[in-house]
Amino acid sequence: MSKKRIAICGFNLESNRFAPTCSRQDFEENMYFRGAEIDKQARAEYPSIHLGICGFYDIMDEQLGGPTGWEPVPALVIGSTPAGPVEEGFFTEFLAELRAELEAGGKVDGVYICEHGGACATHTHDPDGDVFRLVREVVGPDVPVIATLDLHANVSDEMMAATDLMIGYRTNPHVDLYERGCEAAKAMLEMFGGVKTASYKVRLPLVAPSVTQLTAEGHPYGDLIRLGQSKLDESVMNVTCLSGFAFCDTPKNGMTVIVTTRGNEADAREVATDLAEAAWADRHRYVPKMMTLAEATALARAVGDDPARDTVLFADPADNPGGGGRGNTTYILKSFIEAGVTGCTLAVFFDPAAVRAAHKAGVGANIDITLNAEEENEFSGKLDVSAEVLHLSDGIFVGNHGMVEGKTTDLGATAVLKIGGIKLVCITKRTQCLSPDYLSAFGIDPNGERCIVVKSRGHFRAGFAHMFPPERIVEIDVPGLTSPNLANFDWKYIERPFFPVDGERATWDRSKA
């Protein structure tokens with residue numbers, strides 16, 4: 001096999017239609033790598049780039065004899081913390097930059113696109129489709145194009161048409177990014193060997209609330225993914241079951257099954273339709289069950305008062321920065337403060353103004369501040385507090401657990417404030433809490449807390465699994481930009497009716513798949 005030249009690129013954004021728009025700054029403070037920077041990150045000990053790219057590189061190095069056997073042609077890989085629709089002006093600039101980088105790279109034998117797949121833009125429902133179409137236009141119809149996707153991707157016909165294979169994550173929390181990059185590399189090697197792919201897609205009128213999309217045993221989405229993997233054989237190359245991302249609010253929303261075979265279109269269609277039928281039959285399991293704020297507050301108070309009780313992890317899925325939430329609503333914090341909850345840490349809380357005030361005052365100072373003093377979102381209410389500054393940091397650490405294990409994480413300048421019996425970890429780069437590292441990196445012993453509150457939908461579970469079994473994790477029902485109560489939102493573009501919001505008015509007919 002002659003030395004293969006493979007272009008590397010990617011656009012990673014999960015868009016919440018109801019959140020503030022996403023700009024260049026959001027990408028540049030998170031992930032914006034060009035050319036040689038991609039190579040350097042892909043082979044770094046503690047990378048900051050998407051781990052799928054690391055997996056892709058490792059397999060190519062292993063199978064093709066290292067850099068002497070293949071030539072990466074790194075173009076442009078960018079990513080933002082989930083936010084609102086990407087701004088048209090910036091996205092247009094990105095596409096132009098991507099085209100220029102790909103064209104400058106010259107003729108290639110393959111393309112790996114490391115994509116999220118759940119974006120929308122201020123001017124289009126399908127920026128991911130625009131990226132894929134551009135790549136295909138540049139490299140031509142005969143070059144293998146393989147993409148990895150977050151399982152919250154919403155897939156369009158254009159995305160299907162522009163790629164030979166799309167590979168979705170299989171885990172939620174997402175702990176298989178590296179493995180899916182490896183899978184993409186192995187599939188590309190098959191295609192270099194002459195394999196031609198055939199894919200078929202089925203989308204259901206099922207828009208699963210975020211907290212129902214876990215993939216552990218006993219969860220419907222996990223059951224579907226495992227059923228899909230049981231279909232792999234000599235014909236079926238890949239089965240991808242995408243739960244989708246509701247808050248993107250596009251016509252392409254809905255749980256989607258994509259089956260890719262080694263050239264057999266009939267097999268792809270049959271397997272995809274069978275899996276879609278199984279998912280639809282299981283739809284009633286995708287209804288969230290959460291605890292009221294009053295009940296959660298009483299439980300937190302009881303756990304704090306009685307050291308004999310088991311510790312509890314509370315999740316605020318309605319304010320999940322991993323889904324476009326602002327990460328700073330105060331419903332839970334205010335209720336816990338008023339109830340006198342003790343032995344509690346809330347991590348993490350996005351409030352740059354509070355962090356600046358704490359850094360100015362210094363460790364040990366007592367300050368009176370207004371949380372969310374500079375925030376204007378309707379859910380991010382202001383809250384006056386008196387606090388002691390416990391800890392200050394630049395916010396950079398290497399994680400040890402869950403999705404940040406072995407990865408450099410940067411939360412920006414941070415401050416730990418003590419408000420009554422509650423410690424509040426304040427950050428300046430909006431993100432969700434993924435593991436106890438988000439406490440221990442800032443002087444807090446996670447094992448010493450009676451309860452922990454995280455602003456996250458579900459990714460935290462991978463990081464905290466060694467501390468909290470599922471029965472000691474409580475999801476609280478409060479308002480927010482990412483509330484699992486989908487009936488709370490004014491949907492404009494999702495095709496209606498859909499389950500569970502429209503109940504049994506939502507129907508699906510296998511014969512029309």
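## Asp282 and its partner

Asp282 comes out as partly exposed, at 22% relative accessibility (buried is under 20% relative accessible area, exposed over 50%, partly exposed in between, using a 1.4 Å probe and protein chains only). Asp282 makes a salt bridge with Arg285, with 2.9 Å between the closest N and O atoms; here a salt bridge is a side-chain nitrogen of Lys or Arg within 4 Å of a carboxyl oxygen of Asp or Glu. Arg285 is partly exposed too, at 34%.

## What you're looking at

This is a predicted model, where local features need pLDDT of at least 70 and side-chain atom pairs count only at pLDDT 80 or more, while totals for chains, interfaces and linings use all residues. Numbering runs from 1 along each chain as its sequence is written, and side-chain values use heavy atoms, with hydrogens and water left out.

Searching the whole structure turns up 36 salt bridges. One of them pairs Arg170 with Glu183, the closest N and O atoms sitting 3.2 Å apart. Arg170 is in the loop between β6 (165-168) and α7 (177-192) and Glu183 is in helix α7, so this pair ties together parts that are 13 residues apart in sequence. (Helices are DSSP runs of H or I with at least four residues, strands are runs of E with at least two, and both are numbered from the N terminus.) Arg170 is partly exposed at 26%, whereas Glu183 is buried at 17%.

Then there's Lys492 with Asp490, at 3.3 Å between the closest N and O atoms. Lys492 is exposed at 56%, and Asp490 is exposed at 52%. Elsewhere, a network of salt bridges links Arg99, Glu103, Asp130, Arg133, Glu137 and Glu158.

## Around Ala161

Ala161 belongs to helix α6 (residues 157-162) and is exposed, with a relative accessible area of 67%. Its C-alpha atom is 8.3 Å from that of Arg133, 28 residues away along the chain.

## The cavity

How many cavities of 30 Å³ or more are there? The count is 1, where a cavity is a set of points on a 1 Å grid over the protein atoms alone where a 1.4 Å probe fits but cannot get out, and lining residues have an atom within 4 Å of a point. The largest cavity has a volume of about 40 Å³, taken as the space filled by probe spheres set on the points, with grid points joined across faces, edges and corners.

Its lining consists of Met160, Thr163, Asp164, Leu165, Met166, Ser199, Ile258 and Thr260. The elements giving two or more residues to that lining are β6 and β9 (256-261).

Methods. 1 Å grid on protein atoms, 1.4 Å probe; cavity = no way out; pocket = protein on both sides within 12 Å on 5 of 7 lines; lining within 4 Å.
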